[in-house]
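Let's take a walk through this structure together, one stretch at a time. Keep the sequence and the 3D view side by side as you read.

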Amino acid sequence: LTADSVVIANDAGVISSFDRASGMSRWQLPVGVAVRSLAATSGHLLVAGCADGRVFGIDVATGTTSWLYQTGGPVAASATPEGGVVLVPSGDGIVYALDVLEGRPVWAYRTGGPITAPAVVADGTAYVGGSDGYLYALDASEGDPLWQARLGSGYTSGPTARGGTVFVDTGDGETQALDPGGAAVRWRVETGAYNRCRPEPVAGVVIVATTFGQVYALVDRSV
């Protein structure tokens, strides 16, 4: 969603924009390969990630391509806007910080495995979870590593950072709450199945939906 349009993409490789009020088609952009992620920036650009590793910066009003960047793996996770860059996780195990206006790389950081979930930024720190089972904390402006924490098996949900705590779900079926300053575990709860959606802290509880069809409301003991 943008201020006045709804943009969707499909496995046929077509990105389409519709007027939010009337539903009328505004533009279509064929890219030739499945589009796995879409994210709107605070400006006039839409960032689309493709199965062949390409990342498009698209003018949301006209559908024209403003820039194109090629990563080394499929881009399944939505980009995260942060200041003048967008953070793009890729299946090549690298998170790229691309200039939002030009698409040029500002910095890049390699993790130990493919990244399939979005990064999250809080208080100048970017948190990235990889399929190698680690959560990485990076300086959001420079990409320098701050710390990394072994969480168990790889996971796909991505982290959530809120209220001075980082919440993650592991591939071992645990929800963990971490100290953002150094990866110390504040609390953990075993749910028995991993979660494809980010943990969602709401009013003192953390909502977790598992691949077994269960939904948990966990007491946030870090509050």
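Two rings of Phe, Tyr or Trp (for Trp, its six-membered ring) count as a pair when their centres lie within 6.5 Å. With that in mind, look for Tyr109, Tyr134 and Tyr136, which ring pairs link into a cluster. Across the whole structure, a search turns up 5 aromatic pairs. One thing to remember as you go: this is a predicted model.

Now for the sheets. As a bit of background, strands of a sheet pair through backbone hydrogen bonds, either parallel or antiparallel. If you zoom in on β12, you'll find 3 bridges joining it to β13 (residues 125–129), with the two running antiparallel. Valine 120 sits opposite tyrosine 127 of β13.

Inside it, β17 (residues 165–169) and β18 (residues 174–178) pair antiparallel over 4 bridges. Valine 168 has glutamine 176 in β18 as its bridge partner.

Next, settle on β21, which spans residues 205–209 and contains isoleucine 207. On one side, β20 (residues 200–202) is joined to β21 by 3 bridges, and the two run antiparallel. Valine 202 stands opposite valine 205 in β21. These two strands make a hairpin with 2 residues between them, and alanine 203 in the turn has a positive phi of about 50°. β21 also pairs with β22 (residues 215–219), antiparallel and over 5 bridges. There, valine 206 faces leucine 218 of β22. This hairpin has 5 residues between its strands, and glycine 213 takes a positive phi near 85°.

So which residues of β21 are on its covered face, and which on its uncovered one? Val206 and Val208 make up the covered face, while Val205, Ile207 and Ala209 make up the uncovered one. Isoleucine 207 counts as partly exposed because its relative accessibility is 32%. It also belongs to a nonpolar surface patch with Val202 and Val215, and together the three have about 240 Å² of accessible area.

Methods. Residues numbered from 1 in each chain as written. Predicted model: local features only at pLDDT ≥ 70, side-chain atom pairs only at ≥ 80, totals over all residues. Heavy atoms only, no water. Patch = residues over 30% accessible without salt bridge, like charges linked within 9 Å, V, L, I, M, F, W, Y side chains within 5 Å. Areas by Shrake-Rupley, 256 points an atom, 1.4 Å probe, with all protein chains shown as cover. Salt bridge = Lys/Arg side-chain N within 4 Å of Asp/Glu carboxyl O. Buried < 20%, exposed > 50% of the residue type's maximum accessible area, 1.4 Å probe, protein only. Pairing = 2+ DSSP bridges. Phe/Tyr/Trp six-rings, centres within 6.5 Å; stacked < 30°, edge-to-face > 60°.
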